[in-house]
Amino acid sequence: MSQPMTPAAVHKQYDEAMTAFRRQIADPAARVAFGREADAFMRECARGVWHTDQGLTPLHVEHFNAIYAKGNPVPTALYWELASSVESYAGFVMPNFFRRLVQADLELGRSQSRRFVDTFTLMLLLFAAVDGKVSEAEAGFVNVCADSLSAYCDHCGVKGGKSGLDVNEFVARRTDGAPVKTGKPEDEAVSPAPAKAEAAGKQDETPAEPEPTLEELLAQLDELCGLDKVKEDVKGLINLVKVRKLRQEAGLPVPPMSLHLVFMGNPGTGKTTVARLLAKIYHVVGVLSKGQLVEVDRSGLVAGFVGQTALKTQEAIDKALGGVLFIDEAYALASQDNANDFGREAIEVLLKGMEDHRDDLIVIVAGYTDLMGDFIHANPGLESRFNKYFYFEDYNGGQLAEIFRSVCKKNGYTLDEETDKAAAEAFQVMYDRRDENFGNARDVRNVFETAIARQANRVAGMEAPKKEDLMALTVADLDLEGGEENSQKEGG
C-alpha cells in the first residue's frame, strides 16, 4: 500500500475543485443551492465509498472533517459518530442541487450538470484514495453513483453524453498514494482532483468571489420569512457592536458586554439560519476573526465515560474559535435528575472556554422557550454570560405557505393557481392544529419532499414528459388528504 494522502491535501484538492465548479454555474439559484448543499452531499458519498471497503480508521475521520469548501461550516465528526454513520449507510440518493443544475441546463441550453458528474467522480476517487489505495469495490461504487447522475441527465435531455472517464483505470496506485491510470508511465500519471481543478481553472478565469458585505448579509436577513422581532433584535445588536468599536477607536471607555446569545423557540423557526448569518455578520464588523458556525447538540459535547466529555467539548470549542459555537437543544446538558450527569462537565468546560477565548468566540444556545429558561438558571456562570435572549415565534399559516412557494421556486418547481390555493389552505390547517410536535419550516420541507416524490412517480409514467411536466406540482402531488388523515391520527 502506498502512503495515504494527508487530510490537508485532501481538503486543498476538494476545495479547489468544488470552488472552481461553483464559480462556473451560470444560474444563480443553482449556484446558491450548490454552495449550500454540496458539502453535505459529498460527505454522505464519502461514507458510501468507505462503507464498501470497511476498515475505518481515525485517519478517515480527519479526512472526513477536511471535506468542506471555503466559507462553509467545518464538520466536527468524531470516530464513533463516523463509524456508526458509515456502517448504517443507506445508499446513494441524488441531491436536490443536481436536479436544479439539470433544470438550469435545460433552461439555458448548457451542460454543466454533465461536467459536475466528472467533478463528482474525481472527488469520490479522492475519498477512496485516502487510505493509500482505490479498491475494486470502491471503484464499483463510484461507477454506480456517476452512472446514476448521467442517466438522469440522459432522461431529462441534457445535451452531451456520458463522460469518457473510466473509474477502473484509477484502481492502480502511484507511490505517493494518488490514483493513477494503468498502463501509463509514472511521469504521465495524474491525481484526479488536481487535474480537474486545473481544467476547471482554465475554463474559469474569474477572480475569487469577495466575502459578502454587511449590507448583503442584512439583505439576506431581511429576505427570511417572518421573524420581524428577531430581525429587529439582530440589527440592534449590530448597532451596539459598531458603536462599541467606534468608541474603542476614539479612545473612549467601553464597558464589558457579553455577545453570547440565547435563542428560544420551537424547531424549524430559523434559529440555525440566523445563527449562521450572525456568525458572518460578526466577522464582517470585526468581532470574530473567521465567522464560521460550528453546530453541535448534547451528543457532540458529552461522552459516556469519565474524562472524555471534557476532551469532546474542548474539541468543539477549538473548531469554533474565530466563529460561533451553536448548541442546539442546549437544555439537554443540564439534567436535573442526575447530579452526576456528564452534561454538567460539558457546561463547566464550555464556561471556561468562553472565558479563555472571550475575544474570539461566541456561543449561541438554542432550544424550547420553557426548557431554555431552566437551562440558564441551572448554573450561575450561565446566567452571567447569557443575558441576551432572542425569541423565535412559530410561523403562521400564511408564512408557511410563503416558505413553501420559496422552496418550490428555488428547486425549479411551479405551482398553478389551484395548487397554490390548496397548499395555502393546507398550511393554515397545519398551523391551526399545531401542537408540541409542530415543526414549522421543517414540516414545510417534509411536505415539499413528499410532493416531489409523488410528482416523480406521476411524471415517470408519462410517455414523453415535457419541461413543464417536470416542473409542475399539482394538487394530487401535495397529498392533502393523506396529510389530513395523518394529522387526525396524530391528534387522536
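Two residues are in contact here when heavy atoms of theirs lie within 4.5 Å. Keep that in mind as we walk through this predicted model, starting with a single residue.

Find Val 158 in the loop between helix 7 (136–156) and helix 8 (192–203). Is Val 158 buried or exposed? Buried means under 20% relative accessible area, and Val 158 has a relative accessibility of 5%, so it counts as buried. Leaving aside residues up to four places away in sequence, Val 158 touches Val 102, Asp 105, Leu 106, Arg 110, Ser 111, Ser 113, Arg 114 and Cys 153. Take Val 102 from that list: 56 residues separate it from Val 158 along the chain, yet their C-alpha atoms are 7.0 Å apart.

In soluble globular proteins, nonpolar side chains tend to be buried together. The largest nonpolar core in this model has 54 residues, and those with the most contacts inside it are Met 42, Trp 50, Phe 98, Phe 116 and Leu 124. At least two residues of this core come from each of helix 1 (7–24), helix 2 (28–53), helix 3 (58–64), helix 4, helix 5 (96–108), helix 6 (112–128) and helix 7. Another core, of 48 residues, lies apart from the largest one, and includes Leu 227, Val 241, Leu 261 and Phe 326.

Next comes the sheet. Strands of a sheet pair through backbone hydrogen bonds, either parallel or antiparallel.

Our last stop is helix 13 (residues 308–320), whose 13 residues reach 19 Å from first C-alpha to last, close to the 18 Å expected. Its buried residues are Thr 309, Lys 312, Thr 313, Ala 316, Ile 317 and Ala 320. Seen down the helix axis, they fall within an arc of 140 degrees, so they line one face of helix 13. Among the elements covering them are strand 2 (293–296), strand 3 (324–328) and helix 14 (342–356). Just after helix 13, Gly 322 takes a positive phi of about 90 degrees.

Note on methods. Residues numbered from 1 in each chain as written. Predicted model: local features only at pLDDT ≥ 70, side-chain atom pairs only at ≥ 80, totals over all residues. Heavy atoms only, no water. Helix = DSSP H or I, 4+ residues; strand = E, 2+ residues; numbered from the N terminus. Buried < 20%, exposed > 50% of the residue type's maximum accessible area, 1.4 Å probe, protein only. Expected span 1.5 Å × (residues − 1). Arc of directions from axis to C-beta. Core = buried A, V, L, I, M, F, W, Y, C linked by side-chain atoms within 4.5 Å.
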